Amino acid sequence: MKIITTISLVVFFAIACSKENAFKNQANNQSDIAVTKTQALVPLNDLGPGTFNGYVGGLYPGGLNSPTGTYAVDLLKVCRGITPIDTFGNPSAQSGKILFVSLGWSTCGNNMRALEAKTVNNPLTNPKLLFVTLNSGRGLARLNDVMNPNDPYWDIVSSQIKTANTSYRQVQIIYLETEDSTKIKSFPGRPLQVKNELESCFRVFKQKFPNVKLVYLLARTTTFGIQHIFNTEPCPYDFGWACKWAIEDQINGVAGTAYKGPNKVSPLITWGFYQWADSLPRTTDGFYWRASESSDGLHANSVGQDTLSTRFQHFLLTDRFAKNWYAH
């Protein structure tokens, strides 16, 4: 695991976050819970206003599964503002593209390529869309790598951007999916640390991609028989909580997460299709994830990949926000 060199900055943002302080105060009174697979892990969207170890579920604050309030207004404005730009970042209705990139590890790249195949030449989708997969396998694109602007992973990104004949300035939308390499395996300790790592990534995105507007989080699927601790349940489940709390931090105006105004340091962060489920169909949408859809317990096989990319595309086509830039 790489050593995080920006300790003081992370501490500053941790202190600034009142919600996180509340979590930590609770942890001081009740030690972090070592969650095991034997405990009931309920998908966040199914959990809704219910609680998991005392924390309210749902994809958004208040146990809700849809954006509301000022955040929803801003999300709609951002999505409607995504229009074709050229490689210099200038508006160009004729030659410009809407560049959608994926960052992180191989599962994200596989999903992005499958989504691209379902998008290109599809009469239902925006013909100005351009997909570029900026992922890396072999443990080279964990959150700990992505959050470091000087990590060798970014050399891979630069090479892939060059090969695609595009630029950092043309990127407007990011799909992020990967894992962290912390050995913490407790709740809420692990998802709180991952949340901080995610927020560090978002700040790096704003530095690297000056015209980026939006980041989609899908969390992770559950895994089967994986040996690495960060790929073994409940770590994939915890990742969803980290995504939820990072989005909530933006909604609550926590320092270091601003997506608008003079102190803007991050793109706007939102949910894509939430991927975590077990073998039983979710009550909210019927989605489930079983070992038969995985090739090795971690990566989806062809059947599973078709399922994930189909679900993601359905979200992009029907979500009242995303369809403004994705649908024709």
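**Exercise 1. How many cavities of 30 Å³ or more does a search of the whole structure find?**

Before you start: this is a predicted model, where local features need pLDDT of at least 70, side-chain atom pairs count only at pLDDT 80 or more, and totals for chains, interfaces and linings use all residues. Residues are numbered from 1 along each chain as its sequence is written, and side-chain values use heavy atoms, with hydrogens and water left out.

*Solution.* The search turns up four. On a 1 Å grid over the protein atoms alone, a cavity is a set of points where a 1.4 Å probe fits but cannot get out. A volume is the space filled by probe spheres set on the points, which are joined across faces, edges and corners.

**Exercise 2. Describe the largest cavity.**

*Solution.* 
- Start with its volume, about 100 Å³.
- Next, the lining (residues with an atom within 4 Å of a point): 15 residues, with T107, E177, T221, L298 and L308 nearest the centre.
- Then sort by class: six nonpolar, seven polar and two charged. Ala, Val, Leu, Ile, Met, Phe, Trp, Tyr, Cys and Pro count as nonpolar, Asp, Glu, Lys and Arg as charged, and the others, Gly among them, as polar.

Notes. 1 Å grid on protein atoms, 1.4 Å probe; cavity = no way out; pocket = protein on both sides within 12 Å on 5 of 7 lines; lining within 4 Å.
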